[in-house]
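Have the sequence and the model open side by side as you read.

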Amino acid sequence: MENLHKRNVIEEYVFNDIEAEQLLLRLGDLNENDYELSKVVLKLLKGEKDVVFSNLFNLIEGKSKNVILLRWKAIEAIYNDDYILAESILLEAIKLARKSRVDKWIVRDIQLDLYNLEFRKEGNRSFYSSNKYQKKLESMDIWNYRPYIDWNLENSLNDSIIENFNYQTDSPSTIRFGGTFRNSTQKFLNAFEAVILNGSYTFIHILRGRLAYIFYNYGSLLNESNLLLHSLRLFMIEGKIKNVEKILSSNWDDLYPVLIDNPSTLLEFSFLNNDKTESKVLKCIIIKKFGAYFTENEVNNFNEFLKHCLNQNFSMNSILDVQRNAVKAYEDIINRIKDKEEIIEILVELYTQNNDLISDEIIRIFSKVEWELIPEKIAIFVADAIYYNIKKTNLETNVYYTLAKIKNCHPNILENIEKDMIKNWKVNEDLSINNYFSQFHLESELKKDMIKNLIYKIEKNNLVMRKGAPISVGGYRLFLILSNHLALSEDFEEYNLIDLYKSILLNPYQTTDEKINCLSSIINLIGHNNFFEKYIKMNMKEFFGDKNNYEKILDSRSDSFMTEGNKKVLEMKLLELCVDIKVFQKGNIVNEMIAKCIEFGFDESLEVRQSTLHLIESISKAYDEIYQNEILQFLYSKTFEKWFKIRGQSIFLLNIIGSKNLGWKNIIINRTSALSYDSSLYVRSSIIQSYLKLDKSISKDLEIEMVITNLKRDKHYKLRARALKLDKNIN
């Protein structure tokens, strides 16, 4: 079989998004047969079901001609959801194939279609499970192979692999012109056309899946959003749900520019217009991912679809569980829908009746609810349901987090629940309850009891940490709960905190993570409690200034796979605390710390890179006037960081620290303007947060007004609202 096209129809489809009617215009002088085949190729690539194969009859020849015609009719029946008819046609095709003495691989190919059709009938698209046609397949002679199809497919994939190799091994100075994409897709097209002309339902699907991987490989290598989008679309057509989720997550930066203006287009594909489980799950995934970017009308329309999905039967198959995916889809729209109270009541009913798998997802949604929008009656209904049925979920911490959010919005409705919490805590000293109450003012004696209980647990754990002692992983960060309690206190003497901190930090067998937690809690308290800052300076400034103590603090046991990274974080936290309490004088030590930030700023560990920003922020507060230029240079460089959190933190600090530096003004505004289009919501939000913090201290000149205008047009509904608030504040 020869190549049938002068132009590559796949390439035209990907880059020009042509329709079948445009084929003659785009591809030139196609004859009638080429035109009909190209139409079938395009329709199959788009997942359309109204495919007519009979017009290709003139392109096939030989003794298998009538067998192929039957196979085409079977595919058309499958696409019309008439599986019984399709099965009878395929059985007829097998009889005719045997009678006509066609190649054995064709008979086995038809048998494979029957095998996969059986799963389609059962609503299961797996090509690997067993059914009634499995034994017939196993009893047949192993086919050799389909030479033309396999040869072209193998070479197409090989071109993709070679392209990947070349990009990974090129030197930084290498300049490439062209690539293997056109050759790869042309070879794939040859194979795909051959599969169509053989009438193989199974291999149409298999090759379409292979093309999705080819598109993804080239899209990732070339940073070509369009290829990634078409890869995503093919995976959606093939029902590869996990792959769809992975691309939407890992390739968000590339897909954001091409999808964010109209994300609902992903829900308008014709292949999703059915009642199949995969289609419902895919819609739920798209709604979850883009929930914050849809219009108000779209959100309420999708809510009707999700309500229907909530009534579906629960499935233990998490990938294909419509009900569970529908619950997840409410993550960014639960606060936007008109009948949010009705949905919350439905979710409560599901929570109390269902197993922990669906209950976990419901608790996650409740933790996202803006409870100030919900009437007290509904809020107490939810609070009672999730608290008194807490054993139905594995996410107890999320339950208490949700209760805390409800209390902040409706302060007086949880009195009975809190009385029960206190009663339970006095019996079992539950850390979840202790953590809940650490966020609120408490009756004095109860608060003291909870603080002393935490200190006792920390001391007990520290006593165990001796040479050869096992290292435990996970669990509550006791120092975090303790610092929450102490943030609302003024008297620290009775808790003997200084001895507690010293015993942890000087223990050479204590874990690196625990020492980091200890230092972090001290740093956080200094930032939130002036009384505590004076307390630490008075009692521990000399301790941290002692070189021997400094070295002992850095001597610890690692409980992390990132041993070296954890040690660096510990060192940065120690330096940060020393800067905060003015242990160091101005001079070489500050230059050395900035140099260390620059060095660690390129570390492989995200935690290490983040710790450099915290130290730089402390240095700027303590020595801003002397070292501001070096600090701003460092922060500016980190706004180009790949990881979104570091970009966001860096632009926030750059705006705050450089707000009064006229020499840096244009540089900072230009970078801020560029990042106002960043794909990460965190980065864009960091810009608004920095301006809100500066508030009246910044002048709304033309450049800043342009940045704010960009943010007011943002597609994310929450960010738009915050930008509007910012605009009013500055005016």
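E617 is partly exposed in this predicted model, with a relative accessible area of 22%. Its salt-bridge partner is K621, and the closest N and O atoms of the two are 3.7 Å apart. K621 is exposed, at 65% relative accessible area. Both sit in helix α31 (residues 606-638), four residues apart, which is about one turn of the helix. Elsewhere, salt bridges with shared partners tie E304, K307, D339 and E342 into one network.

How many salt bridges turn up in the whole structure? The search finds 34. Here are some of them:

| Salt bridge | Closest N and O atoms |
|---|---|
| E396 and K391 | 3.4 Å |
| K448 and E494 | 3.5 Å |
| K621 and E617 | 3.7 Å |

The K448 and E494 pair links distant parts of the chain, 46 residues apart. K448 is in helix α23 (residues 444-464), while E494 is in the loop between α24 (478-486) and α25 (497-505). K448 is partly exposed at 22%, and so is E494 at 35%. As for the other pair, E396 is partly exposed at 23%, whereas K391 is exposed at 72%.

Now for the cysteines. The disulfide count is zero. The cysteine sulfur nearest to that of C309 belongs to C284 and is 4.3 Å away; a disulfide needs the two sulfurs within 2.5 Å, so C309 is in none. C309 is buried, with a relative accessible area of 0%. C518 is in no disulfide either, and the nearest cysteine sulfur, that of C578, is 13 Å away. C518 is buried, at 0% relative accessible area.

Key:
Residues are numbered from 1 along each chain as its sequence is written. This is a predicted model: local features need pLDDT of at least 70, side-chain atom pairs count only at pLDDT 80 or more; totals for chains, interfaces and linings use all residues. Side-chain values use heavy atoms; hydrogens and water are left out. Buried means under 20% relative accessible area, exposed over 50%, partly exposed in between (1.4 Å probe, protein chains only). A salt bridge is a side-chain nitrogen of Lys or Arg within 4 Å of a carboxyl oxygen of Asp or Glu. Helices (H or I, at least four residues) and strands (E, at least two) are DSSP runs, numbered from the N terminus.
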